[in-house]
Amino acid sequence: MSERKRIAVNTRFLIKNKLEGIGLFTYESLKRITHLHPEIDFYFLFDRDCDKEFIFSENVKPVVLFPQARHPLLWIWWFEISVAHWLNKHKPDLFLSTDGYGCLRTQVPQVLVAHDLAYEHFTDNVSFLVRRYLNYFMPRYATNAARLATVSEFSKSDIVNLYHIQPEKIDVVYNGAKEVYKPVSEIVKEKTKAKYSNGKNYFVFVGAIHPRKNVKNLLLAFEKFMAETNSDFQLLIIGRKAWDFNEIENIHDAMRYKNEVKFLGHVSPDELAEIVASSFALVYASLFEGFGIPIIEAMSCEVPVITSNTTSMSEVAGDAALLVNPLSVIEISSAMKTLFEDRSLRNSLIDKERTQIKKFSWDLTAGKLWKCCTEVLNNY
């Protein structure tokens with residue numbers, strides 16, 4: 001009888017009630033992979049006590065390694081000392097890291113999921129120590145890995161061009177949307193609007209409030225939209241304050257229609273799904289995305305999308321969204337106005353969304369990530 005295969009997984013972003021992009025990818029893909037492959041033993045490496053909800057099946061064994069890795073110096077300690085020691089002692093068949101960070105001090109084959117290289121393009125949006133860490137370690141991690149996965153053809157091209165990785169070594173593994181994102185009834189829409197927007201129609205933005213997310217131009221575009229249409233709309237902004245929020249506050253304070261803008265902060269996953277599904281449209285004019293999960297979440301709810309014509313967003317949206325130059329307040333505002341005035345266009349976009357969204361699901365994500373892993377398991 002052959003010995004069972006063992007896979008160690010970096011699961012430090014599985015934190016209860018705090019699943020954002022990477023944590024969500026980790027949760028949805030690993031939940032499926034571990035259930036589908038009971039013949040494999042999975043060792044989930046956490047940097048803090050883990051919640052039992054992340055132990056998806058009997059073949060998952062939690063391991064807590066010191067210290068909590070939330071600072072560049074602690075990242076080095078965790079990956080290059082604690083993780084390295086554990087890998088070298090237990091010698092699993094594979095180390096899977098879903099946040100793109102690897103380990104240089106082990107011979108265990110590694111599969112890394114590199115979601116994007118935003119830090120290479122927006123160097124001012126990260127601190128000095130974080131930038132030094134990423135610039136030094138990430139190219140080395142990518143080169144050292146047996147195989148890479150990433151979440152879009154755009155990000156694959158970026159990794160090839162900036163880190164000089166052979167394209168044959170990189171698999172594209174799209175994100176999915178949670179099943180909770182689906183169309184809702186008119187009754188639910190009215191209740192949601194009564195709760196969050198004083199009964200008014202609203203545009204919604206979902207994401208951390210960060211310069212790269214371009215909330216500044218969204219606010220200016222909404223101001224212009226309101227002035228030109230004299231409509232009774234609100235703008236709901238959902239997400240934590242991540243970086244350089246002062247500029248957003250200053251712009252908001254100076255707005256004529258500032259009372260029609262609501263910063264909701266963090267909301268529960270179920271609430272978020274209902275807010276998105278009840279919105280008039282998602283406006284997601286980010287400057288840079290490796291993927292852009294809110295785009296497909298909105299499409300899953302049959303909500304029209306306005307998004308950027310840059311980086312991965314046009315790839316994810318296809319022809320099922322209005323694409324704009326995120327640097328142009330006029331283009332963003334015009335797209336909002338067009339959706340407001342043209343019902344036939346709105347209906348046409350929703351029809352196209354039903355086709356586009358079939359390209360994305362967490363089941364597909366898990367299958368493609370597992371194929372990436374088996375490439376390494378079978379060849380090392």
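Does N217 count as buried or exposed, and at what relative accessibility? At 7% relative accessibility, N217 counts as buried (buried means under 20% relative accessible area, exposed over 50%, and partly exposed in between, with a 1.4 Å probe and protein chains only).

Before we go on, a word about what you're looking at. This is a predicted model, where local features need pLDDT of at least 70 and side-chain atom pairs count only at pLDDT 80 or more, while totals for chains, interfaces and linings use all residues. Residues are numbered from 1 along each chain as its sequence is written, and side-chain values use heavy atoms, with hydrogens and water left out.

Back to N217, then. You'll find N217 in helix α7, residues 215–229 (helices, H or I with at least four residues, and strands, E with at least two, are DSSP runs numbered from the N terminus). Leaving aside neighbours within four places in sequence, N217 is in contact with P326, L327, V329 and I332 (contact means heavy atoms within 4.5 Å). The side chain of N217 also reaches the backbone oxygen of P326, at 3.0 Å.

Now slide over to helix α6, residues 186–196, where the buried residues are T192, K193 and Y196. Looking down the axis of α6, you'd see these buried residues fall within an arc of 100 degrees, so they line one face of the helix (the arc is that of the directions from the helix axis to the C-beta atoms). What covers them includes β8 (201–206), β9 (233–238), β10 (261–265) and α9 (269–277). After α6 comes N198, whose phi is positive, near 55 degrees.

The elements giving two or more residues to the lining are α6, α12 (329–341) and α13 (343–356).

Conventions. A polar contact is a pair of N or O atoms within 3.5 Å; within protein, one must be able to donate a hydrogen and the other to accept it, and residues adjacent in sequence count only if both atoms are side-chain atoms.
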